[in-house]
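Welcome! Please take a moment with the sequence and the 3D view below, and then let us walk through the structure together.

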Amino acid sequence: MNPVVLIAEELAPAAIEVLAHDFDVRHVDGTDRPALLSALSEADAVIVRSATQIDAEAVAAAPRLKVVARAGVGLDNVEVPAATARGVMVVNAPTSNIVSAAEQAVALLLAVARNTASASSALKAGEWKRSKYTGVEVQGKTVGVVGLGRIGVLFAQRIAAFGTRLIAYDPYIQPARAAQLGVRLVGLDELLRESDFISIHLPKTPETVGLIGEKELAIVKPGVRIVNAARGGLVDEQALANAIAEGRVAGAGVDVYSKEPCTSSPLFAFDNVVATPHLGASTHEAQDKAGLAVAKSVKLALQGEFVPDAVNVQAGGVVAEDVRPLLPLAEKLGRAFTAVAGGVAASVAVEVRGEIVGHDVSVLKLAATKGLFSSVVEEQVTYVNAPHLAAERGVEVTLESLAETADQPTLVTVRGALPDGRTVSVSGTVTHSGARDVPRLTEVDGFDVEIAAEGILLFLRYADRPGVVGTVGTLLGESGINIAAMQVARREAGGETLMTLTVDQALGAELLTSAADSIGATAASAADLRDE
């Protein structure tokens, strides 16, 4: 009997063809929950798009399930931890839409430059007003690219063909790599002041939410046009609307919104705003690529072969049982390291201590590398593409295993050298709470800490003195941010101090800056350590 591949949503014929010869391909309406759960009882694999929910209940209803495939980039509708706990591999198509997304940003930029959408609407309404819709040329202009991940690079390459001058803000890419692309790296403030056009290509993280808000829009070059086809919430929509109303911003192209679906926004009131309903991946080519990619991954998985686009390596069955609890820890240490470092490291060492090194722990280097870049690039970071992302950015990641350890039975440390000569480190271990493994931070940049590596963590470094804790607590409270846990670590009274807080919701960049300014912090960062 051939393995059963259940297709829960529409898939390209070419994708079905990949599976038809070797598997029993069945179809179900994934939005019909009872029908889905019934069909899953005999499925070895299930392929979905965005409408079908594969949660813990769905995984439990599929005793034979080996792989869940999402024909797209995001995995919001797949409960990855539930699948991983059952040893079910999860795959997606992480690069299927990158060309489409980059082209959408270019299309929005050109439409805003030439007033295309408003002119079209006016003409269809019977108005022939050429002078009213006079635009600007792109040639010779300075284009600021915020984020040089894969989509940002594709956008930069395409807009360069218009004879533009390219500058970029991305603290996680080496200047030499940017120079290879013909892009000059600058700080965010410099980019805002110099750019005639700005296009945003960042992931959505606690530090990037609200990255461009009222403060940033107050210093932009007059007449700038701003495009956001990356993630909703990176640009404060109300602040952008205010800047357009005041004439500081000449127009905007927006494809993503802080809350979606979005049918009401202050930006919709302006003729010089081109607004589209999250069409970045909405091309026939992107949809076909996604379906074909996951069909190939499903075939490989069911045949026991290596799967390039697996997002949960734990499900591959090649990691020792004792090592598996350390995978989330290593990934979270990588995320915390990036937050504390505040930029890309020239080199990173992953150090594993304890009896655990009797097993093959090389996968922990992969997990840490995945964490290093999870908040840095637009595309989803997997165990497969993480080494490539490190190589692209000139970051060498090494692994060191030591049998002896000091205070913990097992200790994992991520330590990196930054271009300015600083060395940053974070360490952690796993403790057991009932039937649950809890990853914990034990050290942050030389400070001893003891706090769960979960949720959203804030790190504030400052000179020790009375009243600081109250100041931060009051500011966050007034902003509606609840503090779940807090710890203060210092080396000596009156000396340098690290405050670590766990908060219940993400802070925008502006609030994080306000918190730092309120206590004269020398460094402030946020790390999103929530389970994906």
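What follows is a short tour of sheet, hairpin, cores and pocket.

This is a predicted model. One landmark to look for is an open sheet of seven strands with parallel pairing. Others are a nonpolar core of 52 residues, the largest one, and the second largest pocket, which holds about 830 Å³ of space.

**The parallel sheet**
- Reading across the open sheet, you meet its seven strands in the order β8-β7-β6-β9-β10-β11-β12.
- The edges belong to β8 (184-185) and β12 (273-275); each has a single partner strand, so one side of each has no neighbour in the sheet.
- Strands of a sheet pair through backbone hydrogen bonds, in either a parallel or an antiparallel way.
- Five bridges join β6 (residues 142-146) to β7 (residues 165-169), and this pairing is parallel.
- Within that pair, look for glycine 144, which stands opposite isoleucine 167 in β7.
- Helix α7 (residues 150-160) lies across β6, β7 and β9 (197-200), and runs at about 170° to β6.

**A hairpin to find**
- Here the pairing is antiparallel: β17 (residues 436-444) and β18 (residues 447-452) are joined over four bridges.
- Leucine 441 stands opposite isoleucine 451 in β18.
- Two residues lie between the strands of this hairpin, and aspartate 445 takes a positive phi near 50° there.

**The nonpolar cores**
- In the largest nonpolar core, Phe337 and Leu441 have the most contacts inside it.
- The element that gives the most to this core is helix α13 (residues 326-341), with 10 residues.
- Leaving aside residues up to four places away in sequence, phenylalanine 337 touches Ala345, Val348, Leu372, Val414, Arg415, Gly416, Val424 and Val426.
- There is also a second, separate core of 30 residues, with Leu202, Ile226, Ala243 and Val254 among them.

**The second largest pocket**
- About 830 Å³ of space lies in this pocket.
- Its lining is made of 31 residues, and those closest to the pocket's centre are Tyr169, Glu207, Leu211, Ala509 and Thr513.
- Of the elements, α17 gives the most to the lining of the second largest pocket, with seven residues.

Methods. Residues are numbered from 1 along each chain as its sequence is written. This is a predicted model: local features need pLDDT of at least 70, side-chain atom pairs count only at pLDDT 80 or more; totals for chains, interfaces and linings use all residues. Side-chain values use heavy atoms; hydrogens and water are left out. Two strands pair if DSSP finds at least two bridges between them. Contact means heavy atoms within 4.5 Å. Axes are lines fitted to C-alpha atoms, for helices over the stretch in contact, and angles run from 0 to 180 degrees between N-to-C directions. A nonpolar core is a set of buried Ala, Val, Leu, Ile, Met, Phe, Trp, Tyr and Cys residues joined through side-chain atoms within 4.5 Å. Buried means under 20% relative accessible area, exposed over 50%, partly exposed in between (1.4 Å probe, protein chains only). On a 1 Å grid over the protein atoms alone, a cavity is a set of points where a 1.4 Å probe fits but cannot get out, and a pocket is an open set with protein on both sides within 12 Å along at least five of seven lines; lining residues have an atom within 4 Å of a point. Grid points are joined across faces, edges and corners, and a volume is the space filled by probe spheres set on the points.
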